[in-house]
Amino acid sequence: MTALLEIKGLKTEVVSADGNVTLIADINLNLAAGEVMGLVGESGSGKSITGLSIMGLVDKPAQVTGGQILFKGQDLRKLSEREIRSIRGNRIAMIFQDPMSTLNPVLRIDTQMMEVVHAHEAISKQAAWERARDALGMVGIPSPEERLRAYPHQFSGGMRQRVAIAIALLMSPELIIADEPTTALDVTIQAQILSIVQKLARDRGTALIWITHDLSVVAGLAEKLSVMYAGRIAEQGLTADLLRRPMHPYTNGLIASLPAHNKRGSRLKQISGTTPSVANMPRGCAFHPRCASATQLCLSPPPLEPVEGRLLRCFHPVTEGALS
Amino acid sequence: MNDRLEIRNVSKRFTRKSGIVERGAEYIGLKAPNPVVRALDDVSLTVAQGEVVGIVGESGCGKSTLGRVVAGLLKASEGAVLFRGKRLEDMSARDAEAARLQVQMIFQDPSSSLNPRQRVHEIIGAAPLHHGLTTARELDDYVSRQMERSGLDPSMARRFPHQFSGGQRQRIGIARALAVQPDMLICDESVAALDVSIQAQILNLFLDLREQLDLTYIFISHDLSVVEHISDRVVVMYLGRVVEEAPVAELFSHPNHPYTRALLLERPSLDPVQRSFSAIEGEIPSPLSPPSGCHFHPRCPLAMERCRVERPELRSVGTRHKSACHLND
């Protein structure tokens with residue numbers, strides 16, 4: 001079976017006359033139809049850039065400069081702008097963190113939704129309207145016929161995010177890339193959105209890349225997990241494996257620093273230092289200045305290699321789990 | 001002994017002031033009065049010396065308003081805020097100023113709560129100098145000590161806030177608050193904007209400072225696991241009212257109120273087992289027109305007729321455990 005999405009050696013850089021600055025490099029992902037992958041990292045780790053690079057949405061001066069993005073065997077990087085527009089929003093859709101900046105504030109929801117349908121398919125207004133109504137119903141918006149006539153500001157934050165998800169669903173895409181879609185929402189509303197997305201992915205076989213900084217959000221949602229640090233994949237594998245036994249010192253540190261994994265009121269295990277900036281990347285393994293097990297070896301860049309059923313970029317894997 | 005802080009039946013209402021024409025129109029009945037938001041609705045709470053009280057709730061529950069009323073940034077519409085048994089209004093001007101100085105606030109977004117055009121030295125040093133806690137001659141030393149205590153390098157005192165990372169900026173905010181030697185800190189979502197690894201560093205700093213300085217905290221957050229970790233006692237709020245309060249272990253093991261139970265159930269966990277997300281129905285109602293009776297009844301799976309009409313009182317359901325639900329009768 002060919003993968004739905006296969007990314008090989010993806011590299012995105014800021015291109016300038018004074019030399020290029022690498023934002024992400026050596027990104028490898030594999031996603032089968034209906035599979036859910038969590039893409040986890042802290043701010044500046046390149047997780048959003050990865051999502052935008054797949055969608056062909058990186059803006060100048062940044063540019064995808066290397067690698068392949070194979071969507072059903074077809075390299076998206078080789079397509080013309082027109083061809084990629086026929087895929088974007090149609091076969092691959094994206095959901096962003098802030099629905100207010102996704103939706104046009106001066107247009108009614110029905111106008112915006114029908115516009116998407118008509119951009120990809122020549123069908124009657126009535127048919128487009130019906131599809132918009134069904135999509136709103138699917139994400140749990142009550143009385144969708146009436147709500148279609150509303151403007152974005154008439155919705156609450158959680159409802160707006162549902163509308164954004166409904167727009168992503170309009171063309172029944174095979175892949176949805178969701179960039180922190182629940183980060184701005186309250187706990188109970190986040191749970192509602194997660195339950196909708198989980199159900200849709202299951203029922204319709206839609207593959208999903210869920211970008212987040214919050215490990216606990218994807219823990220129950222994603223089968224596979226990619227942990228990113230400083231523009232590179234640090235560790236990738238099955239969610240259950242990674243969470244039970246993290247092998248990269250960074251993944252290990254992240255999990256260990258969560259309050260839920262520490263004794264109530266005791267000092268949390270912390271990763272010292274801060275994430276490096278792209279302009280000032282440490283030599284070799286980008287994590288070595290913060291890593292307790294770093295040695296001289298870490299001054300040369302570690303490769304991403306298969307270890308115990310996962311991909312790992314580390315010379316000194318963690319041997320005993322943080323959770324034991 | 002008096003509690004460090006007592007909040008007695010505090011309400012806070014917000015409304016828009018009418019202009020003169022609108023007032024006339026209201027007077028002759030042409031226009032309805034401006035809507036009133038009851039951000040806090042008869043909230044009572046005590047905090048003992050050295051205690052860490054966590055306040056949790058979703059947006060619009062009034063947790064930030066409560067923090068601001070305690071810090072003196074907002075004035076309560078009704079009720080009283082007592083510091084060691086005394087109201088600020090009943091103190092002499094000098095005592096009131098000292099009492100206010102004892103309570104400091106740490107905000108969510110360090111970049112918007114620090115003046116971008118001031119150097120860190122000035123940000124941290126201005127208040128203690130004004131209040132006479134140090135002299136101009138000793139100011140450099142004083143600021144250096146504050147910075148060290150918050151985990152900052154004193155050699156960076158002449159820099160501007162934008163030259164620091166998000167976690168360091170939050171440390172500047174903490175150093176500024178501690179510079180006036182408070183004994184109580186109000187942390188309003190103080191770690192919400194930080195990355196996980198940085199969040200752990202700042203939480204550890206709060207724990208260390210508590211030990212060193214015998215601080216009392218009101219820790220406001222939407223993140224249950226953060227509140228569970230740091231608090232001795234937890235207060236759950238919903239739409240301006242306290243719905244439940246209990247010692248931390250009791251609340252997380254025996255939640256009583258249906259809303260608390262729902263919150264705990266929906267907390268994302270690191271349990272790697274694939275699970276189904278089940279959600280409580282419905283939206284958080286607008287605080288402009290909260291539901292009648294128990295505010296939670298439209299979303300509550302156990303709501304009965306009585307919940308629609310009668311407001312449940314916050315009543316004792318166990319040792320130091322209070323809950324506002326009719327089901328306890």
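Where is the place of Pro61(A) in chain A? Pro61(A) lies in the loop that runs between helix H1 (47-55) and strand E4 (62-71) of chain A. The model described here is predicted. The peptide bond that leads from Lys60(A) into Pro61(A) is cis, and its omega is near 5°. Most residues other than glycine have a negative phi, and most peptide bonds are trans.

**Backbone exceptions in chain B**

Arg84(B) is not a glycine, yet its phi is positive, at about 50°. This residue sits in the loop between strand E4 (78-83) and strand E5 (86-87) of chain B. Its relative accessibility is 41%, so Arg84(B) counts as partly exposed. Asp214(B), also a residue other than glycine, has a positive phi near 50°. Asp214(B) counts as partly exposed because its relative accessibility is 46%, a value between the limits of 20% and 50%.

**Helix pairs**

Two packed helices are described by the angle between their axes and the distance between the axes.

| Helix pair | Axes come within | Crossing angle |
|---|---|---|
| H4 (residues 109-120) and H5 (residues 125-138) of chain A | 9 Å | roughly 115° |
| H4 (residues 120-130) and H5 (residues 139-149) of chain B | 10 Å | roughly 110° |
| H6 (residues 166-178) and H7 (residues 196-213) of chain B | 10 Å | roughly 20° |

In chain B, the axes of H6(B) and H7(B) cross at roughly 20°. That angle makes H6(B) roughly parallel to H7(B), and H6(B) passes H7(B) in a right-handed crossing. On the side of H6(B), the contact is made by Gly167(B), Gln170(B), Arg171(B), Ile174(B) and Leu178(B). H7(B) contributes Ile198(B), Gln201(B), Ile202(B), Leu205(B), Phe206(B), Leu209(B) and Leu213(B). Sorted by class, the contact of H6(B) with H7(B) has eight nonpolar, three polar and one charged residues.

For the other pair in chain B, the axes of H4(B) and H5(B) cross at roughly 110°. H4(B) is therefore roughly perpendicular to H5(B). Val120(B), His121(B), Ile124(B), Gly125(B), Pro128(B) and Leu129(B) of H4(B) meet Leu139(B), Asp140(B), Tyr142(B), Val143(B), Gln146(B) and Met147(B) of H5(B). The residues of this contact divide into eight nonpolar, three polar and one charged.

In chain A, H4(A) and H5(A) have axes that cross at roughly 115°. These two helices are therefore roughly perpendicular to each other, and their crossing is right-handed. From H4(A), the residues Asp110(A), Met113(A), Met114(A), Val117(A) and His118(A) take part. They meet Lys125(A), Ala128(A), Trp129(A), Arg131(A), Ala132(A), Ala135(A) and Leu136(A) in H5(A). This contact has eight nonpolar, one polar and three charged residues.

H4(A) has twelve residues and reaches 18 Å from its first C-alpha to its last, close to the 16 Å expected at 1.5 Å a residue. Its buried residues are Ile109(A), Asp110(A), Gln112(A), Met113(A), Met114(A) and Val117(A). Of these, Asp110(A), Met113(A), Met114(A) and Val117(A) also belong to the contact with H5(A). The cover over the buried residues of H4(A) includes H5, helix H6 (144-147) and H7 of chain A.

Helix H7 (residues 157-169) of chain A has 13 residues. Its first and last C-alpha atoms are 19 Å apart, close to the 18 Å expected at 1.5 Å a residue. Why is H7(A) described as largely enclosed by the rest of the structure? The reason is that twelve of its 13 residues are buried. They are Gly158(A), Met159(A), Arg160(A), Gln161(A), Arg162(A), Val163(A), Ala164(A), Ile165(A), Ala166(A), Ile167(A), Ala168(A) and Leu169(A). Elements that cover the buried residues of H7(A) include strand E6 (92-95), helix H3 (99-102), H4, H5, strand E7 (175-179) and helix H8 (187-204) of chain A.

Leu169(A), one of the buried residues of H7(A), is 71 residues from Ala240(A) in sequence, and their C-alpha atoms are 28 Å apart in space. Ala240(A) is found in helix H10 (residues 239-244) of chain A. With a relative accessible area of 23%, Ala240(A) is partly exposed.

Technical notes:
Residues numbered from 1 in each chain as written. Chains lettered and ligands numbered in written order. Predicted model: local features only at pLDDT ≥ 70, side-chain atom pairs only at ≥ 80, totals over all residues. Heavy atoms only, no water. Axes fitted to C-alpha atoms, helices over the stretch in contact; angles between N-to-C directions. Helix = DSSP H or I, 4+ residues; strand = E, 2+ residues; numbered from the N terminus. Parallel < 35°, antiparallel > 145°, perpendicular 65-115°, else oblique. Left-handed = near helix turned anticlockwise from the far one by under 90°. Contact = heavy atoms within 4.5 Å. Nonpolar A, V, L, I, M, F, W, Y, C, P; charged D, E, K, R; others polar. Expected span 1.5 Å × (residues − 1). Buried < 20%, exposed > 50% of the residue type's maximum accessible area, 1.4 Å probe, protein only.
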